[in-house]
Amino acid sequence: MTDKLNELTAAGVAVWLDDLSRVRLSSGGLDQLRREKHVAGVTTNPTIFAKALSDADEYNWQLHDLATRGVDVEEAVRMLTTYDVRWACDVMRPSYDGSEGVDGRVSIEVDPRVAHDSDKTVAEAKALWWLVDRPNLFIKIPATEEGLSAITDTLAEGISVNVTLIFGLDRYSAVMEAFIAGLEQAKANGHDLSKIGSVASFFVSRVDSEVDKRLKKIGSEQAKSLKGKAAIANAQLAYERYTEVFSSDRWKALAVAGAHPQRPLWASTSTKNPDYRDVIYVEELIAPGTVNTMPESVIHAYADHGETRGDTITGAYDAARKVFADLESVGVDMDDVIATLEREGVEKFEASWQELLEGVRKSLEAAASGKGSPNKAAKGNAKAAEKAGGNA
C-alpha cells in the first residue's frame, strides 16, 4: 500500500497535527501519529484546550491541586496548558533532533486578549518560554499590526515564534520583514541562530468561507464560477513572496550564520464546504519548505485518498493572479475580506479564551467543593468555545 503521507513529506511538506489533549498524550496517540503518520509538529489554540479540558478526567488531579493551592483562574489555565505542551514537546523531541531543530515543534499561544499590545505580548511570550522550558517550543503571536514589533522583539530574545492569523499578502510580507529583523537583532544579541525557529501561519479555508459568502450574494454566473478559488490562489501568491524574500542577499547573510527560513505554514486546512474535496487544501498547496497543520481527520483522509502530484504551487502564480483579477471584476474587495478575517480571527480567539477561563473557573470550584468531576463542570463552556473559535 502506498504511504501517501510519506509522499507528501518527501515533496517538502511537513505534516503537523492541529490538536492536543492529555488523553492523546497519555494514551500514546500523539507518539503513534509521529511514528506512523509522519506527524512532525503540533499546533494548539484556546478552542482546542477548552475542548480537551472538558473531555478528560485526567485533568482532575491537577485541577484539585490547583484548587487546593487557591490559584487564580488565569494561573490555572497556564499551568494546565503548559503541562500538556511541555509533555508534547518531549514526545516530539525525536522529530526535533532528527531534523536539526526544524521540525518537532509544539506551539502555544499568547493570551489573544493582548494581541493589540506589543509589550504585553512580548512579556507573555517570555513567560511561556520560561514555563515550558523546552527548545522545541513555538510561541504563537497573532499577526496584528501591533504584533509585528512583538514578533521582532521576541525573536531578538532567542525565542522561537509561530506567527498566527495571517490572511493577506501585504501582512505576510510584513511578517517576514519582522522575522528577518528579529534574527538580525538576535544575532547582535549573541544568540545561536540555528536554535531559533519560526513559521508563518497563513490561514486558508476561512478565506474561501468569506469570499464564497460574498460571491453567493453577488449571484452572477461569473461570481459562482469563482467559488472555492480564492483561498488557494491567496496561499500560492504568498509562497511566491516567500521564495523572493528567502533568496535575497539579506537573508543569505543570516543563513550563513546558521538561520533557518521562516516556513509558510498552511493553517485552517480542514474543508468547511462539504461540496469541496476534503483534502483540497493539502493537495493544492504542495511545495518544498512548507508546513500543513491538519486536524487528525484530515491527516487520515490524506493517508487514505490524498494525491501528491509534486509541486502544485510554483507554476500557478499567473493563474492565481487571474483569480484575484476576476474576483475584483465581479465586485469582491479582497482588502476588505482580509481586514474582516483578521478582525474576526482575533475576536474568535478572544471569545474562546474567555470561555476557556470560565470553564476552568467552574472546574476549580467543583474541585474545591469536592462535588462532582471538575472537568464536567467545564463542558458547556468548551462547547461554546468551540462554536466561537471554530476550527483553525
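So, where does glutamate 100 lie? Before I get to that, keep in mind that what we're looking at is a predicted model.

Okay, glutamate 100. You'll find it in the loop that runs between helix 7, residues 93–98, and strand 3, residues 105–109.

Now hop along to serine 268. Here too we have a residue other than glycine with a positive phi, near 55°. Serine 268 is in a loop as well, the one between strand 7 (263–267) and helix 15 (280–283). But check the accessibility: serine 268 comes out at 2%, so it counts as buried, since buried means under 20%.

Right, let's move on to helices. Find helix 5, which is residues 60–69, and helix 6, residues 73–91. Their axes are 11 Å apart, and the two pack at an angle of about 150°. What do we call that arrangement of helix 5 and helix 6? Anything over 145 degrees goes down as roughly antiparallel, so that's the label for this pair. The crossing itself is right-handed.

Who's touching whom? On the helix 5 side we have Trp61, Gln62, Leu63, Leu66 and Arg69, and they meet Glu75, Ala76, Met79, Leu80 and Tyr83 on helix 6. Sort the residues of that contact by type and you get 7 nonpolar, 1 polar and 2 charged.

One more pair: helix 10, residues 169–188, and helix 13, residues 230–245. Here the packing angle is about 30°, and the axes sit 10 Å apart. Angles under 35 degrees count as roughly parallel, and therefore helix 10 and helix 13 get that description. Helix 10 crosses helix 13 in a right-handed way.

If you want to click through the contact, helix 10 brings Leu169, Asp170, Tyr172, Ser173, Met176 and Ile180. Helix 13 answers with Asn234, Leu237, Ala238, Arg241, Tyr242 and Val245. How do the residues of this contact divide? There are 8 nonpolar, 2 polar and 2 charged.

To wrap up, keep two pictures in your head.

Note on methods
Residues numbered from 1 in each chain as written. Predicted model: local features only at pLDDT ≥ 70, side-chain atom pairs only at ≥ 80, totals over all residues. Heavy atoms only, no water. Helix = DSSP H or I, 4+ residues; strand = E, 2+ residues; numbered from the N terminus. Buried < 20%, exposed > 50% of the residue type's maximum accessible area, 1.4 Å probe, protein only. Axes fitted to C-alpha atoms, helices over the stretch in contact; angles between N-to-C directions. Parallel < 35°, antiparallel > 145°, perpendicular 65-115°, else oblique. Left-handed = near helix turned anticlockwise from the far one by under 90°. Contact = heavy atoms within 4.5 Å. Nonpolar A, V, L, I, M, F, W, Y, C, P; charged D, E, K, R; others polar.
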